[in-house]
Amino acid sequence: MLFELFELKDVRHTYLRDTPFATEALRGLSLTIPEHQITALVGPTRSGKSTVVDILAGLIKAAPGTLFFRGEDVMAPSFDRERLRTSVGVVFQSPESQIFEETVGKDVSFGPLRKRASFAESRRLVQTALEDVGLLYEDFRTRYTYALSGGEKRRVAIAGVLALQPAVIIFDEPTAGLDPRGRRELLALIEHLKQTQQMTIIYASSSLEEVVGLADTIHVLDRGQLAFSGAPREILARANELVKLGIELPEAVRIALVLREHYPEFSTTVLTLDELEEAIVQHEELRIRSGGQRP
Ligand SMILES: Nc1ncnc2c1ncn2[C@@H]1O[C@H](COP(=O)(O)OP(=O)(O)OP(=O)(O)O)[C@@H](O)[C@H]1O
Ligand SMILES: [Mg+2]
């Protein structure tokens, strides 16, 4: 039998249980995450994305029978927790807080050395990890971490996770606080990781815009539950529901919806502005060929 990488079944989590501040963060969440794909968790603020991330990383305990890793119940006494910890790498919501060491080289080699990699092996892992995130080893090895730009810090934090060679890497809002260029570069980097490494990538974000061009599957969260799941185009086809859930539609879709008011057959499930442009050109050609008039 083939198992999903992760399976969540009716997961519940309440923070500060039994206190006046108790918050039900997950209220019976069920979803699956397949291997070697990019799976996005999208939802407005407080919908439970970071709580799911902490559960997948083993930082918050699930209840028995609710979280399965390659078909095994993570809470079963026989389950090897260390295996989960070494398989899953997390880039947390503020990656800056993940950098501890004075220099980039020391910071990225922290994980491999702690796992008792030899000095030569650790050097190789650090070099590869830095180059995977687009930072030249010779240039960055001795740089002080406090003097890095926001985007560079994020890359170093990601390199620190890659150097541990996890099978799964989870990004929690990785572009928060970056400018549009930093954002684009980071998304390209994640796409590159998917193409070049056989990695499973989980991406939590409140921005649908950010994930539609990247994810294979999107799970939409609503107040600690699964609202619906699907491929990006299937998700975009539910524009009305997304808006009701407080999720902003991507710019290309917003423009396409306006166009549809004039041309009811115009497709609104466009993933990018480039796709929108193509759809407009095609639509125009079709109209001219069928003898349509310009408005
Ligand atoms: N450490 C905590 N202690 C108490 N309550 C918490 C804690 N972490 C999260 N919560 C609460 O749990 C709920 C879900 O929070 P979570 O951080 O998982 O949502 P999120 O979707 O990641 O939100 P955001 O987009 O703002 O990061 C929220 O109501 C939040 O206030
Ligand atoms: Mg969060």
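What percentage of the 295 residues of the chain count as buried? In this predicted model, 46% of the 295 residues are buried, where buried means under 20% relative accessible area, exposed means over 50%, and partly exposed lies in between (1.4 Å probe, protein chains only). Residues are numbered from 1 along each chain as its sequence is written, and chains are lettered from A and ligands numbered from 1 in the order in which they are written.

**Overall architecture**

- The chain contains 12 helices and 10 strands; these are DSSP runs numbered from the N terminus, with helices (H or I) of at least four residues and strands (E) of at least two.
- Domain 1 covers residues 6–232 and domain 2 covers residues 250–295, with bounds taken from an automatic or database domain assignment.
- The centres of domain 1 and domain 2, taken over C-alpha atoms, are 37 Å apart.
- Along the principal axes, the C-alpha atoms of the chain fill a box of roughly 70 × 50 × 45 Å.
- The chain has an accessible surface of about 15,600 Å², and 51% of that surface belongs to carbon and sulfur atoms; such areas come from the Shrake-Rupley method with a 1.4 Å probe, and for residues only the protein chains shown count as cover.
- Of the contacts (heavy atoms within 4.5 Å) between residues at least 6 apart in sequence, 59% join residues at least 24 apart.

**Nonpolar cores**

- A nonpolar core is a set of buried Ala, Val, Leu, Ile, Met, Phe, Trp, Tyr and Cys residues joined through side-chain atoms within 4.5 Å.
- The largest such core has 50 residues, of which Val-108, Ile-158, Ile-169, Phe-171, Leu-208 and Ile-218 touch the most other members.
- Helix 6 (residues 150–162) makes the greatest contribution to this core, with 6 residues.
- Another core, of 29 residues, lies apart from the largest one and includes Leu-31, Ile-60, Ala-62 and Val-88.
- Beyond its neighbours within four places in sequence, Leu-208 contacts residues including Val-42, Ile-218, Ile-235 and Pro-250.

**Surroundings of ligand 1**

- Ligand 1 is surrounded by 14 residues, the closest being Thr-45, Arg-46, Lys-49, Ser-50 and Thr-51; a residue is near a molecule if one of its heavy atoms lies within 4 Å of it.
- An oxygen atom of ligand 1 lies 2.8 Å from an N or O atom in the side chain of Lys-49.
- Backbone atoms also take part: an N or O atom of the Arg-46 backbone is 2.9 Å from an oxygen atom of ligand 1, and a polar backbone atom of Ser-47 is 3.2 Å from an oxygen atom of ligand 1.
- On its own, ligand 1 has 630 Å² of accessible area, and the protein covers 68% of it.
- Strand 2 (23–33) and helix 1 (49–56) are the elements that give two or more residues to the shell, and helix 1 supplies the largest share, with 3 residues.

**Positive phi angles**

- Most residues other than glycine have a negative phi.
- Leu-16 has a positive phi near 50°; this residue is in the loop between strand 1 (6–15) and strand 2 and is exposed, with a relative accessible area of 53%.
- Gln-165 likewise has a positive phi, of about 50°; Gln-165 lies in the loop between helix 6 and strand 7 (168–172) and is exposed at 52% relative accessibility.

Note on methods: This is a predicted model: local features need pLDDT of at least 70, side-chain atom pairs count only at pLDDT 80 or more; totals for chains, interfaces and linings use all residues. Side-chain values use heavy atoms; hydrogens and water are left out. A polar contact is a pair of N or O atoms within 3.5 Å; within protein, one must be able to donate a hydrogen and the other to accept it, and residues adjacent in sequence count only if both atoms are side-chain atoms.
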